[in-house]
Protein chains: 2
Amino acid sequence: MKKQAAGTKANKHLKPFKIVTEIYSIINTDLVIKNKASILISDLSIQRGYGIFDFFRTINNKPVFLEDHLDRFFYSASQMQLEQYLNRTQIKQLIHQLIEKNNISDSGIRITLTGGYSEDGYSLTKPNLLITQSAFTFNTEIFNKGIKLITFNHQRQLPSVKTIDYLIAIHLQPFIKSHNADDLLYYHHNEITECPRSNFFIVTQKDKVVTPSKNILKGITRKKILGFAHLDVRETTVTLEDIKTAKEAFITSTTKNVLPVFEIDGKTIGDGKPGRITSEIYKMVCKMKER
Amino acid sequence: MKKQAAGTKANKHLKPFKIVTEIYSIINTDLVIKNKASILISDLSIQRGYGIFDFFRTINNKPVFLEDHLDRFFYSASQMQLEQYLNRTQIKQLIHQLIEKNNISDSGIRITLTGGYSEDGYSLTKPNLLITQSAFTFNTEIFNKGIKLITFNHQRQLPSVKTIDYLIAIHLQPFIKSHNADDLLYYHHNEITECPRSNFFIVTQKDKVVTPSKNILKGITRKKILGFAHLDVRETTVTLEDIKTAKEAFITSTTKNVLPVFEIDGKTIGDGKPGRITSEIYKMVCKMKER
């Protein structure tokens, strides 16, 4: 491209104003500027780590699997005695209001419900609802890179509830790094459960796809895979021994879709490339989501 | 007391203005009005339940056992990789500034350190320091009332660290109520550990005072009692069986001092009144604190 000489037509025009688009969040029923969205420090999330959340994507401004995520959100709230003062229709209206206001076509939306502003710093009160949106586009390149896991003996508290409790996972970041791994794989009493933010699957030598059945958070991507009728996918017990003989392994989540596991505890799984069945499931999940 | 007739001298005077004294909190290094003290919702306490705290009392505007509480606060922060940007002297200065500003003679002060404002909602950043003060006067009447405990199989995560994680304790409030108890007594693998917010002691039939030695938060009141030289107080293993034969039982904490346990799992301990040794320890703890 040629440089324009001083005084040409282009230079005579003022630059257009930079359009600053504010991103908004929702606190309870109010739209607030995201960078300023705050809650009082008497909230039980800050005082006692007490709250639940869910997280889903939007693609072309449309929420993906919203009903599944809201089912789990309401289940989590009920398990934690967080009284809903907004019903499902009202929460959906708020979500759609935020999507319209922000107009971030491809995004992640997090809805959080906390223990509320507690006078004594311990007793549950009227929960605070927080809805935030951030740009997110699925990165197809991560599939071929895969990940390395390091096993860790731990059972998450209230595993079926999507609480805000990530104490152990964040606390163990230096442990993960020191083992040259990307994430944790939790086990307890010799049974594999899950990763801190994703579900775990293996493909056995007999091409059966299996995933731990209990003491886990039941992921939405996991649920969709369990529904693939033509594949032999089952919920069962997966032990530490089972992963040693696995042909393939992968994890699933809302943001990762399906991600091959190439290494566990320093041992290569399969041939360290995305396996045939993992690739097939990945394509099917992408087809469902990334329309 | 006689009613005053209309038009008497007392009625002619205006009532004095009600003096509204604002109470302040500290967020990082700023004094802010307590009722408005807030942090952004991107903080990792709200996003991931990640933070630590400590809590101490003031009596006549003087902090009680401040050095012990600060020792534990800095230990907790370090265990959780929460980088201190303020040193001990600076934090003490902030505490004394708050005490002077609020002038609440007898109070509880909570210092909290959170995971900070995280862009990705997961990675630790510069922590947020929150210091709040509330009026608190020790209620001597609670001693004679004692409390009832219900045992529950649970091991707190990172027990030696005073994290903000009270997920299980708050989640189990309906369980506690349905068992007509006042609080939980945690055990794991048959060993008693602690209550959610206090340490546990028993007096054996041989008048030995024992308290669980491991997988607990080491309380400051507990530490002081272990230092009582003329008593036979020991840290050891306390099993579920041991509590069945206990002569006396009590719990200790910063706000409760020493509180007799009259019932565990519906079974009366001793004769359901404050025991001789519990009363003696109570008096000694009060003498140390309630000067």
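**Loops, contacts and the pairing of chains**

Analyst: Asp207(A) sits in the loop of chain A that runs between strand S11 (199-203) and strand S12 (209-212), where helices (H or I, at least four residues) and strands (E, at least two) are DSSP runs numbered from the N terminus. This is a predicted model, in which local features need pLDDT of at least 70 and side-chain atom pairs count only at pLDDT 80 or more, while totals for chains, interfaces and linings use all residues. Residues are numbered from 1 along each chain as its sequence is written, chains are lettered from A and ligands numbered from 1 in the order in which they are written, and side-chain values use heavy atoms, with hydrogens and water left out.

User: What is the phi of Asp207(A) near?

Analyst: Its phi is near 60°, a positive value in a residue that is not glycine. Most residues other than glycine have a negative phi. Asp207(A) is partly exposed, because its relative accessibility is 28%; buried means under 20% relative accessible area, exposed over 50%, and partly exposed in between, with a 1.4 Å probe and protein chains only.

User: And Phe65(B), is that one buried or exposed?

Analyst: Phe65(B) is buried, as its relative accessible area is 17%. Phe65(B) lies in the loop of chain B between strand S5 (62-63) and helix H3 (66-79), and its phi, near 55°, is a positive value in a residue other than glycine.

User: Let's move on to Ser213(B). Where is it found, and what is it in contact with?

Analyst: Ser213(B) is found in the loop of chain B between strand S12 (209-212) and H8, and at 24% relative accessibility it counts as partly exposed. If neighbours within four places in sequence are left aside, Ser213(B) is in contact (heavy atoms within 4.5 Å) with Lys218(B), Arg222(B), Glu235(B), Thr236(B) and Thr237(B). The C-alpha atoms of Ser213(B) and Glu194(B) are separated by 10.0 Å, and the two residues are 19 apart along the chain.

User: Which residues does Lys218(A) contact in the other chain's version of that loop?

Analyst: Lys218(A), in the loop between S12 and helix H8 (220-226) of chain A, is in contact with Arg72(A), Asn199(A), Ser213(A) and Glu235(A), again leaving aside neighbours within four places in sequence. Lys218(A) has a relative accessible area of 46% and is partly exposed, and its C-alpha atom is 9.7 Å from that of Glu194(A), a residue 24 positions away along the chain.

User: What about Leu226(B), what does that touch?

Analyst: Leu226(B), which belongs to helix H8 (residues 220-226) of chain B, touches Thr211(B), Val233(B), Arg234(B) and Glu235(B), when residues up to four places away in sequence are not counted. Its relative accessibility of 26% makes Leu226(B) partly exposed.

User: How buried is Val258(B)?

Analyst: Val258(B), placed in strand S15 (residues 257-264) of chain B, has 1% relative accessibility and therefore counts as buried.

User: Stepping back, how many helices and strands are in chain A?

Analyst: Chain A has 10 helices and 16 strands, and buried residues make up 53% of its 291 residues. The C-alpha atoms of chain A fill a box of roughly 70 × 65 × 40 Å along the principal axes. Of the contacts in chain A with a separation of 6 or more, 69% come from residues 24 or more positions apart.
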